[in-house]
Amino acid sequence: MTQQLSLFPNSPLNTPNRLQDETFAELDAALSPVDEVFAAITRFRNSLNFMELLEFIARFPNYSAFNGLLLYLQDSSATFVATARAWAKKFGRQPDQNARPLVILAPMAPIRFVFDIRDTVGAPIPSELLKSVETENQLSGKIYLNTQHNCSLQGIAVNETTLSHDAEGTADRITPALRKQHKDLNFQKNTSYLIHLSKTHSLEEKYSSLAHELGHIFCGHLGIDRYAWWPEREDLNISAEEIEAGCVAYLVCRRKGLRACSEKYLSNYIGAEREMPAFSFNAVLQAVSYVEEMGKNRWKELRKGRRN
């Protein structure tokens, strides 16, 4: 898991239905630093502005989602950033005299300074740096298999089966009744959650659905077990839960170039000017970071975040 994951307190918006009518400002006391800034910046409550933020974070897949947010808050026009050393070594460029450094989190140090491409001078800009994120709509099978494997370490069973025509996937907390119903799946003793995916879907569609259902789990919508690094947040309303899980799937997929898969979960907000419901963007970013780490390689043991 990335170092950034432990640098933000796990105190997302625990907003039961009775709190939904309160203003964002009245909720500040319960917010993490990420959610506090979200509450303060009112333009993020507009769906068009919020989708602009998500798209910006998606354009920086080599940086954590947390760092994507930091970059957007400092310079929403940034297109390609690197440290001064990287600009010099890889591209023969350096920050100009009026360059403004942007602050991001660093894995082995508190912070790192980066510079946007338009604040550098030197050798000609490589054409590939001027392109937007490639939209491939193809996923490496290794990412999907790694994620499946690491789900089992986290106590999450993933089952590919036949679902109803309109179902993308489901996630449930394991109960004695569910264990009895699915004896054929041979759940391990530590299995706490069950995700069903459609076996007829493409690899990309299954991964998108998996990211969405993991979003529900890692945002705390299904409660916690002994392996949980996330807080319990079962008292959210359906709108908040679906927004959070949809954002997780959108960012995880979009940062891999899977535009078609990413957009379906937030289709009600893309291109529409709507008021966003209250939800925790901090919970979303933590879940995105974890899901992305799960796809990188097969873990030998469970990796945990810090839960306050």
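View 1. Helix 10 is mostly covered, with 14 of its 14 residues buried (under 20% relative accessible area with a 1.4 Å probe, protein chains only); helices are DSSP runs of H or I with at least four residues, numbered from the N terminus. The model is predicted, so local features need pLDDT of at least 70 and side-chain atom pairs count only at pLDDT 80 or more, whereas totals for chains, interfaces and linings use all residues. Residues are numbered from 1 along each chain as its sequence is written, and side-chain values use heavy atoms, with hydrogens and water left out. At the start of helix 10, a side-chain oxygen of S280 comes to within 3.5 Å of the backbone nitrogen of N282.

**View 2. The aromatic pair F38 and F50.** Of the 19 aromatic pairs found in the whole structure (ring centres of Phe, Tyr or the six-membered ring of Trp within 6.5 Å; planes under 30 degrees apart are stacked, over 60 edge-to-face, the rest tilted), F38 and F50 form one that is edge-to-face, at 6.1 Å centre to centre and 85° between the planes. F38 lies in helix 1 (residues 33–40) and F50 in helix 2 (residues 47–58), so the pair ties together parts that are 12 residues apart in sequence.

**View 3. The aromatic pair F56 and Y72.** The ring centres of F56 and Y72 are 5.1 Å apart with the planes at 70°, so this pair is edge-to-face. It ties together helix 2, which holds F56, and helix 3 (residues 65–74), which holds Y72. Both residues are buried, F56 with a relative accessible area of 1% and Y72 with 2%.

Conventions
Buried means under 20% relative accessible area, exposed over 50%, partly exposed in between (1.4 Å probe, protein chains only). Helices (H or I, at least four residues) and strands (E, at least two) are DSSP runs, numbered from the N terminus. A polar contact is a pair of N or O atoms within 3.5 Å; within protein, one must be able to donate a hydrogen and the other to accept it, and residues adjacent in sequence count only if both atoms are side-chain atoms.
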